[in-house]
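User: I would like to learn how to read a few features of a structure. Please take them one by one.

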Amino acid sequence: MQPHASFRQPLLGALALLGMGLSIASHAAPEPKLDFAKDARPFLDAYCAKCHNAEKTKGGINLDIFKDETSLYRHRARLEEVIEQLSTTNMPPEDAKQPDAASRRNVTDWLRWKLDHFEPDRFRNPGYMPSHRLTRTQYRNTIRDLVGTGMEVADDLPTDEATFGFDQIGDVQEVSSVHLEKYLQSAAYVLDRVFVPPAKSWSFDPRKLEYVRQFGLSGDDEKVDFPVGAPEHEVTTNAHLLFHTGGVTFSHEFPHTGLYRFKVRLWGDKAEDAKRGPSLKLKLDAHRVAETGVPTRGPGTTEEPVLKAVVRAGRHDIKLEMEGMGVATNATDIARRFNRVGLLSIEVIGPVVENEAKAKEILDNLLVARPGPDLKPKDAARKIVANFAGKAFRRPVVADEIERLLGFFDRASQRGDTFEDAIKLTLKAVLVSPDFLFHIEHDRSTREAYRVTDFELANRLSYFLWSSMPDAELMRVAANGTLHEPTVLEAQTRRMLKDVKSRALADNFAPQWLGLGSLFAVHRDGKFHPNNLREREDLREEVVSFFDHLVREDRPITELLEADYAFVNEALAKHYGLPEVKGREFRKVALTGDAAKRRGGVLGMAAVHLAVSHPKDTNPSGRGKWVLDVLLGTPPPPPPPDVPQLPKEEKDGPKLPLRARLSQHRSDPNCAGCHAKIDPIGFALENYDNVGAWREEDAGKPLDVSGQMPGGRTINGPDELRKFLLTEKRALFRHNLTERLLTFALRRGLEFYDEGPVREIASSIDREQDKTSALIVGIVKSFPFQFRQNPQMTSASNHE
Amino acid sequence: MNKPWQLSRRTFLRGSGAILALPLLDVMSPVSKAAAKALPPTRLGVILCPNGVRPSTWFPKEEGALTVLPEALKPLESVKKELLVFSGLSNDLCKEAPHHRAIAGFLTGASPKEGSPYVGISADQFAARRIGQFTRLPSLELGLPETLQQQGSCDGFSCVYTRNIAWNSATTPVPKEINPRNAFDRLFRHLVNKAEPGKDELSLATQTEDDRSVLDHVLQDAKRLRGQVSNADKHKLDQYFEAVRDVEKRINRIIVAEAHRGSWKPTIPTNLVAPQTPQTIQEHIRAMLDLMALAFQTDNTRVASMMFGYGASWNVYPESGLKEQHHSISHYPDAPGKGDIYTALNRYHASCFGYLVEKMRSIPEGDGTLLDNSMLLFGSELGQGGSHIVHNLPVLLAGGAGGTLKTGRHIKSVPHTPMANLLVEVLNRMQVGDDVKRFGNSTGGINGLA
């Protein structure tokens with residue numbers, strides 16, 4: 001079987017043209033006089049359908065999907081293949097019935113013409129977003145805005161499936177009992193964090209606690225052979241001394257979920273000439289949750305470090321462990337031979353609040369009414385529930401709903417629960433209700449497109465820009481019924497973009513669009529060792545800060561391709577060879593000289609290079625594919641099976657630079673078809689090693705970063721690549737970014753009928769000097785964002 | 001030790017008037033028969049290691065008794081007698097675009113469709129639907145973090161096909177837990193939080209009752225919403241509905257499970273400690289396999305699965321001594337010298353599987369071991385990584401399935417025998433009710449396993 005690659009060569013070109021919104025000037029012939037039902041379909045039936053139908057899908061191809069003109073666009077990728085196969089006479093195969101040359105040409109010309117002359121106005125359809133649940137990110141942000149605390153519980157929810165590159169595509173998410181269990185637990189957790197009962201305290205005598213050694217290495221300690229006969233720990237008259245990396249452990253029943261303080265009275269002592277003193281770790285159920293350094297003023301002194309951790313109600317194993325042995329083998333006095341920690345007493349206090357004022361604000365936000373001489377408990381409850389449910393359900397609530405919810409309040413009150421406990425139970429029901437957990441849009445029974453309600457529009461807007469619930473002002477405008485008015489809609493959009501919550505756009509959209517998910521997965525090899533979480537978080541943060549800057553300062557979207565500034569912190573500045581900056585926070589730095597040619601824009605960001613490279617090598621083909629797919633929206637077709645391994649360095653010969661090893665991509669015609677378009681881009685990026693650092697050599701030889709693009713133009717290095725993209729591919733980039741952000745906003749995959757709105761948005765961006773706000777406002781004002789249309793059900797299982 | 005679930009039934013049935021419908025127990029069902037004889041139930045664990053194997057070093061040369069193990073399976077030497085190695089099995093429905101579809105076809109014996117996800121129910125979920133009601137969790141799905149990132153769609157197919165082997169309906173994959181701590185909590189939180197006698201029994205009962213009434217309430221909300229949305233929309237709300245019902249059942253399952261076990265009781269270790277955050281992938285694998293064994297041992301579930309990575313996984317396994325990523329290694333040819341790295345990785349994965357087999361063999365149960373009462377299916381969705389073929393899949397079973405498997409052999413099937421035929425044999429050993437005659441694209445069973 002021929003490699004799949006040769007089917008698809010024209011695909012890149014065709015899609016590019018479709019994307020640019022230009023019609024083909026050269027074939028400006030009028031439409032060939034053919035008709036789908038009378039000519040095209042019978043042609044397919046006569047020459048193709050025998051092997052390519054719904055039952056018999058030779059090569060995986062089923063041509064029954066082409067039922068009418070609309071289906072030509074809906075399945076345009078497949079149609080491209082059909083045209084290619086027919087026009088190159090690859091199909092029908094030699095031993096099958098062949099059409100005569102004239103009809104073959106007529107049909108393929110007509111199909112080609114139809115594809116090239118796509119008229120969006122004939123296919124206006126705003127699409128349909130089915131009801132679906134909040135994603136983990138949306139849940140976290142919504143709890144943050146609704147309640148104000150406890151949103152970290154979202155980390156325990158199952159991860160969401162990503163499709164079309166994003167995890168908020170509604171169609172694919174499922175709801176399972178795993179989710180429901182977690183929602184029940186999360187609701188309880190969140191409410192426990194709001195209603196904080198008076199703190200209790202418990203004392204523990206370290207001398208009576210069990211000692212547990214920690215085996216093996218701990219953190220940065222050098223491996224040390226512990227001298228035989230030397231103590232690991234010792235219980236004296238007033239302290240439990242720790243010498244080795246181990247600690248005391250006890251189990252405790254925590255009555256209430258919340259923040260707890262662990263006050264440890266102790267003294268510390270450093271071994272003679274030891275480099276570092278000891279530190280103390282707090283472990284909750286074998287997980288490190290807090291730690292502190294221990295000042296080493298010697299025995300007889302007292303330190304009182306306080307470690308804090310959020311603990312869930314229930315019984316847990318607590319361990320206070322020493323770290324940092326620090327052995328001085330030459331010390332004569334055995335007491336000075338090791339770092340020591342003398343534990344004097346342990347007190348556990350909680351639940352406590354970090355910030356009294358904030359905790360009160362959170363509680364008052366919830367308890368908008370309290371029972372008193374003028375207000376009966378149930379009436380207070382009614383006000384509280386009406387307020388909370390209204391916000392949680394993100395739409396007006398009716399009296400009936402509130403009364404039903406108050407059933408919980410009654411139930412709890414009748415069995416003797418306190419007012420607060422009764423309220424907690426009632427609000428728990430709100431947080432597990434589908435009205436909270438789902439994005440719901442109501443259907444109207446009509447076949448025409450219809451506008452979503454202002455409340456639904458408010459939700460679409462806030463989950464697009466904030467990945468969270470609408471705020472009070474947005475709900476107010478929706479309640480007025482004016483949100484859909486163009487000037488109001490735009491004003492609200494701009495207001496929301498200015499709000500700090502719009503950082504969610506950068507945080508949620510950008511990493512998913514750029515495909516950075518693998519940043520946090522397992523191992524990589526390389527000089528800059530992002531083997532720890534912190535460094536990889538930094539890499540991600542660069543991307544988010546940059547994108548957020550574009551949004552907030554309304555920069556041109558083209559700065560994603562090339563910018564004269566970058567966002568770095570201390571570690572990243574060092575990694576990029578930029579002038580030193582201090583501190584972990586990210587800040588904007590201007591790029592000058594060489595740096596301006598090397599960094600700036602996504603192609604200079606380490607996160608991108610790390611995500612696409614191999615553990616040991618860069619990956620020019622992968623990077624080329626990434627540019628074509630992620631930046632331009634024109635992915636190359638997949639490789640055929642049986643792709644052999646690259647030739648490795650021979651055992652005796654010199655190690656070859658990667659580029660030389662990829663030479664087969666050029667010499668083998670089976671490979672060259674696609675790789676001629678992919679590899680040159682990757683070669684231009686070879687200056688970035690597999691962790692994004694700048695290099696000028698590979699395997700001891702100077703890098704050759706030139707590549708010849710299809711059409712003859714040569715590009716040398718990333719700077720020329722950026723300029724090439726900016727000048728030759730700007731429209732394509734604009735179109736692609738619009739598609740991606742629109743997918744994100746609509747929370748569904750795009751269909752052929754979205755092409756019209758995409759082109760309109762791209763045009764409006766073009767008219768506004770490519771400003772980011774034009775993209776965002778363009779999406780908000782678009783047809784699919786404000787309207788919806790019920791799907792026409794054609795089959796029981798999947799809708800078309 | 002106090003068992004909080006041994007409260008009176010009345011405590012659970014009291015409440016807002018909702019009548020609890022307990023499943024009618026067929027006294028003559030296989031499960032009841034087994035329970036009557038105090039036999040431990042059969043467990044099914046599936047471990048999927050993606051990207052195929054190097055065939056020449058994985059499959060035994062001879063049929064029949066396993067004597068000399070091939071290079072890649074040598075780590076299983078000590079458990080050789082417990083194994084059944086298969087060859088000739090195929091996943092032919094996934095012949096086209098296998099790297100996007102074969103994973104979804106592995107346990108379903110179905111052909112994943114283009115567009116919106118649609119494949120079929122997987123064998124493990126088929127079993128879970130029938131016997132899952134007798135355990136706290138109907139099934140357990142585990143996984144590892146994945147290095148590979150997919151952009152957009154996977155060549156017209158939903159990328160969800162490469163990420164899940166467990167499907168509890170044609171359209172719904174079952175989410176995997178990749179955090180060992182979370183998996184542990186799901187399984188054992190109720191045991192680790194030991195309730196004090198007396199006072200806390202009551203509060204646990206109250207909390208459970210409250211949860212049930214919350215679930216009743218939201219079920220009403222879901223019904224109302226369902227009435228207001230179109231047919232297309234009902235799907236998600238239906239899932240919600242099912243999920244709520246499922247959790248409700250689970251709360252009551254504890255009583256049912258106790259009743260059903262009859263005189264057989266699982267052993268509950270007294271020193272359950274939550275797993276630490278894994279620092280390496282090997283630690284991660286072992287933590288998950290430990291949990292699987294523990295879940296089986298304590299009869300918290302009888303159906304479990306684990307994936308080492310997605311289809312075309314890019315994970316790296318430094319403890320194998322290899323630094324390249326999995327997918328890249330799987331493209332080395334099956335040639336002397338050049339293919340050795342692929343063999344080395346296959347060996348490593350086999351040793352990971354061996355870890356689980358040894359573990360379960362070391363847990364006594366009934367008259368034998370936990371392994372004797374289990375079936376552990378270890379395999380890959382591709383016959384060979386580089387060529388993406390889906391015939392001659394590397395699959396092996398470990399465990400005696402309660403004495404219904406005669407192990408220690410290589411079973412050669414006629415080439416292109418559907419993998420689903422093996423699934424039929426597996427399901428018929430899970431006490432799922434009537435004999436399973438067909439599953440997915442099966443054409444029968446596999447002879448000579450017993």
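User: How many of the residues of chain A count as buried?

Analyst: Buried means under 20% relative accessible area, exposed over 50%, and partly exposed in between, with a 1.4 Å probe and protein chains only. Of the 800 residues of chain A, 54% are buried. This is a predicted model, where local features need pLDDT of at least 70, side-chain atom pairs count only at pLDDT 80 or more, and totals for chains, interfaces and linings use all residues. Residues are numbered from 1 along each chain as its sequence is written, and chains are lettered from A in the order in which they are written.

User: What is the strand order in the open sheet of chain A?

Analyst: Strands of a sheet pair through backbone hydrogen bonds, either parallel or antiparallel. Here five strands take the order 3-6-11-8-9, with antiparallel pairing. Strands (E, at least two residues) are DSSP runs numbered from the N terminus, as are helices (H or I, at least four); two strands pair if DSSP finds at least two bridges between them. Strand 3 (210–213) and strand 9 (287–293) of chain A each have a single partner strand, so one side of each lacks a neighbour in the sheet. Strands 8 and 11 of chain A are joined by six bridges.

User: Which residue is the bridge partner of K283(A)?

Analyst: That partner is K319(A), in strand 11 of chain A.

User: Where does Q769(A), with its positive phi, lie?

Analyst: Most residues other than glycine have a negative phi, and most peptide bonds are trans. Q769(A), with phi of about 55°, lies in the loop between helix 27 (755–767) and helix 28 (772–780) of chain A. Q769(A) is exposed, at 57% relative accessibility.

Notes:
Heavy atoms only, no water.
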